[in-house]
Amino acid sequence: MKGTLLLCFLGCFGIALIAADLFFSTGDVIASKNKTIAFSHELHGANIGLDCTHCHTGARLGYKAHFPSKQDCLDCHRLPLTDSAGIPKLDSALQVAKAMPWQTESRVPAHVIFHHGVHAKANISCETCHGSIAEIDRGKRASVKMGECLACHRGEKGFAPAATDCARCHR
Amino acid sequence: MDQSRRDFLKVASLVLGGLALWGCRRNKNFSPAPKASSDISLWKFEIKQAMRRNIPLGDLVPIKIPGPLPKFPKEINRFGMAIDLDICNGCGECILACVLENNISRVNDCEAQKGRFMHWIEMREGVPVMCSHCGDAPCEKVCPTGAAVASPDGMSAMIYPRCIGSRYCGANCPSKTRKFNYTDARAEGLSAKFNPEVPLRNRGVMEKCSLCVQRLQNDRLLAKTLGKEWRGMGVQSACAMACPKKAIVFGNWLDSESPLSQAVRGRGIYTLKSIQGLDPSVVYLVGRA
Ligand code: SF4
Ligand code: SF4
């Protein structure tokens, strides 16, 4: 009896977790009051062939990969780029968007350092940790456990081995 | 008679037990958490308070110049410091710089009365004393979780999330430079994040001078990203930078170009007698050799 109850409880909890995950992972959108428009990595990356670092500046040399501002979007989107039917919708969304349409909080804890530049230098692609463009568009965010960092740093994932001393990444 | 004596003992032990429990209470359960303040004058005041303690320095003994670490014979860097006691006048500016660089929290009045401050630098008879980053560190040998661990760059590192607060390391450190977070500084409003680069430590975690590891890490990552050999040239610890007399020199023992190697040339190199023989990376300079 007790066991069944516990199972029921755990089941409900699990469903709630999955529901929460589906609800909150909606991909990247330019959000403003009523106008919301999805940002497609597929369109910008795979189709147009823009490098990730084009918008996520800092990923090649810096510590952090940054998010583009509205100005960065407008650098290309000031004039209609195609005659696609979506362009007017995009323009009106951009017009009312905030100066920094995307805000994220890094998931790397304060006692860990992750330097994008040094990983880029070692020819580790963004996809290795962030997943494919399709996954990113579905709202996946990189979530790397220390064990995965270590496996790669030990040379078990096909990249050259790197430092495994605690104080190289922890502070 | 017997009966009343028993009653008396009962009541007395209950009262005593109650008083003991009252004494042990966690302050925050009884009084609202004070508002956190990042007013630097509070830290300055505390440093003055700490500097009024009379902590004996003990003898200084001459040692040889630190060389490559036997644990990491292939490494080309070993960072450390030299504190020139012919120049240092014990002003304590280094303590404040270290506090602000490493977000060191203040302690409550109860701890302050016991003289237990968190500052990573302590003035002992006017001489700044911090962790010596021993090459053969006794603290690392007794840590049950590996939170106190040697770094190939010459530091004796602390990995805070691993620390379970056994305090074995503090007991085994002959120079007593490790500091334990007895109180929850954040809950008591005693900590502030002056430097976003350094995490705040939790209650129950040991801490000590890190040789400003964050500065070394940043410099190393930059050098590696640019594909340059890393020797840590140009990196300075916060205390070395803040010293108005430039008595503290930070550098790389294994690099003859390093300001550290230059500063110790021809000088007498000393360490605390208690850690003589443990191959410290942080040393004192006195007179000519
Ligand atoms: S001085 Fe103390 S804390 Fe520092 S490395 Fe030596 S034993 Fe460890
Ligand atoms: S080297 Fe850095 S952490 Fe160590 S005493 Fe100096 S300022 Fe503090």
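**View 1. The interface between chain A and chain B.** In this predicted model, chain A and chain B bury about 1,800 Å² between them, with 64% of that area on carbon and sulfur atoms; buried area is the accessible area (1.4 Å probe) that two parts lose on being put together, summed over both. The contact (heavy atoms within 4.5 Å) takes 17 residues from chain A and 23 residues from chain B. On the chain A side, A167(A), R168(A) and R171(A) lose the most area to chain B, together 42% of what that side buries. Residues are numbered from 1 along each chain as its sequence is written, while chains are lettered from A and ligands numbered from 1 in the order in which they are written. Local features need pLDDT of at least 70, side-chain atom pairs count only at pLDDT 80 or more, and totals for chains, interfaces and linings use all residues, with side-chain values based on heavy atoms and with hydrogens and water left out.

**View 2. Salt bridges between and within chains.** A salt bridge is a side-chain nitrogen of Lys or Arg within 4 Å of a carboxyl oxygen of Asp or Glu. The count over all chains is 15, and three salt bridges lie between chain A and chain B. R171(A) pairs with E197(B), their closest N and O atoms being 3.3 Å apart. Within chain B, D279(B) meets R78(B) at 3.2 Å, N to O. This pair links distant parts of the chain, 201 residues apart: D279(B) belongs to the loop between β10 (267-272) and β11 (282-288), and R78(B) to the loop between β1 and β2.

**View 3. The open sheet of chain B.** Strands (E, at least two residues) and helices (H or I, at least four) are DSSP runs, numbered from the N terminus, and two strands pair if DSSP finds at least two bridges between them. Five strands follow the order β1-β10-β11-β2-β9 with mixed pairing. Because β1 (60-62) and β9 (248-252) each have a single partner strand, one side of each edge strand is left without a neighbour in the sheet. Strand β2 (79-84) runs antiparallel to β9(B), joined by five bridges, and F79(B) has N252(B) as its bridge partner.

View 4. Of the 13 residues around ligand 2 (a heavy atom within 4 Å), C98(B), N102(B), C209(B), C212(B) and C239(B) come nearest. The elements giving two or more residues to this shell are α4 (93-102) and α9 (238-242) of chain B.
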